[in-house]
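Student: I would like to work through this model by asking about a helix, a ligand and a strand in turn. Could we begin with the terms that we need?

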Amino acid sequence: MGQTSFIHPAQGVLFAEGISLEAIAKEFGTPTYVYSKNTLIQTFESFKKGLLKTDHLICFAVKANSNIAILNLFASLGAGFDIVSGGELERVIYAGGDPQKIVFSGVGKTESEIVAALKANILCFNVESRSELIRIQEVAEKINIRASISIRVNPDVDAKTHPYISTGLKDNKFGVDFNQALSLYLDAKSMSYIDIKGIDCHIGSQIIELNPFIDALDRVLSLVDQLKKNNIHLSHIDIGGGIGICYQDESPPDFEIYIKEILNKIKDLNVKIIFEPGRALVGNAGVLLSKVEYLKQNDIKHFAIIDAAMNDLMRPTLYDAYHAIKLVREHDAKPQLFDVVGPVCESGDFIAKNRSLTLKENDLICIMSAGAYGMSMSSNYNSRGRAAEVMVDQDKLYEIRTREKSSDLFKLEKKLPL
Ligand code: LLP
């Protein structure tokens, strides 16, 4: 799982699979997200490889990248989906996902989202609080559709990642406190429209060590044991997502080792194992192609002002995240330390800081590892239309989302009757 490998140089220019990024910029303009179909397939298949002999389900975390073409591709490979909203439910169904492979996470499921998920007959709700469990029971009874649930426990394990993307600590709003989980299961057992299916936990994102996963699983398994003693038998264990990728020089655990360690722990349990990977499946299958508009400098700084901004890729400003930047066509300009910034009117609008780069005006640049939480977190701030999205498949190129026009942005707004 190295950095974005479908981007490679040929004849002095970067290519995405068999197509030059220059050709893509010419046809679709910039900024444009570029994904590799074959990287998506290979990554999914390599995740699955260690699971072939095990009853399993890989539920892609839709929030990482919710483009219909990507969801459709994963569905065709047999994936299930981890959703966190009614919107994601509709997307997955529209994209051809099987509702019986959907798990529904999230701390704030509304009544109408619960109704929609029950009617769609999803695999299960990952319940995050006592109040939510009560609401699901009430809604299920009202519309007379039984609800399958698992309880998302908060194992209080430090995932050792950025605090904004750590979810498995007592400090975090996610999951049911470990010490309250057993009593909640006992309550669930007595509820007339609730079917207990499993247990779930998710401790955070961009986790690059194995230990937090193992610690969390150990805690979950101790609870599975207590449940058994109380005559509650589960059909699945969902260990969430969170496995990290290489953005710079991180070495996240290999899928093979990660899966082996987990399977080792549950081998005697006779349960289905569910994973909810997001970033690991798409992060290095996408890049953001952008153009340098202006260079400017003062006595302490060189700025490269590009046509992508924080509204296109929020991660640098929100998490101080690192995304490597590559020049699409090499040249011999002198390397300088650049702040690579966008046109948005915020000092927080940057893609990279103090990065040694050789840049000239009008250069195309490739912002690496942008397939996860890039487009899906984008916004229209400063009335900027969202970027186009394209998918390469060897020497074929498909537009999978058209660049937004200004009229798309205000089409839902209405003038007052003055
Ligand atoms: N399952 C649940 C319940 C989640 O909340 C998440 C991510 C995942 C699975 C997938 O996690 P992954 O495998 O992608 O790490 N916007 C942040 C990441 C937020 C992750 C939120 N939850 C970023 O750009 O780094």
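Tutor: A polar contact is a pair of N or O atoms within 3.5 Å, and within protein one atom must be able to donate a hydrogen and the other to accept it, while residues adjacent in sequence count only if both atoms are side-chain atoms. This is a predicted model, in which local features need pLDDT of at least 70 and side-chain atom pairs count only at pLDDT 80 or more, whereas totals for chains, interfaces and linings use all residues. Residues are numbered from 1 along each chain as its sequence is written, and side-chain values use heavy atoms, with hydrogens and water left out.

Student: Which residue has a side-chain N or O atom 2.7 Å from a nitrogen atom of the ligand?

Tutor: For comparison of atom types, a backbone N or O atom of Arg279 lies 2.7 Å from an oxygen atom of the ligand. The nitrogen atom of the ligand, in turn, has at 2.7 Å an N or O atom from the side chain of Tyr319.

Student: What is the distance between the end C-alpha atoms of helix H9?

Tutor: Helices are DSSP runs of H or I with at least four residues, numbered from the N terminus, and strands are E runs of at least two. The expected span is 1.5 Å times one less than the number of residues, so the 12 residues of H9 (residues 255–266) should span 16 Å. That agrees with the distance in the model, which is 17 Å.

Student: Which exposed residues does H9 carry on the face turned away from its buried side?

Tutor: Buried means under 20% relative accessible area, exposed over 50% and partly exposed in between, with a 1.4 Å probe and protein chains only. The buried residues of H9 are Phe255, Tyr258, Ile259, Ile262, Leu263 and Ile266. They lie on the same side of H9 because the directions from the helix axis to their C-beta atoms cover an arc of only 120°. The face turned away from them carries Glu256 and Lys260.

Student: Is Glu389 buried or exposed?

Tutor: Glu389 is found in strand S20 (residues 388–393). Since its relative accessibility is 1%, Glu389 counts as buried.
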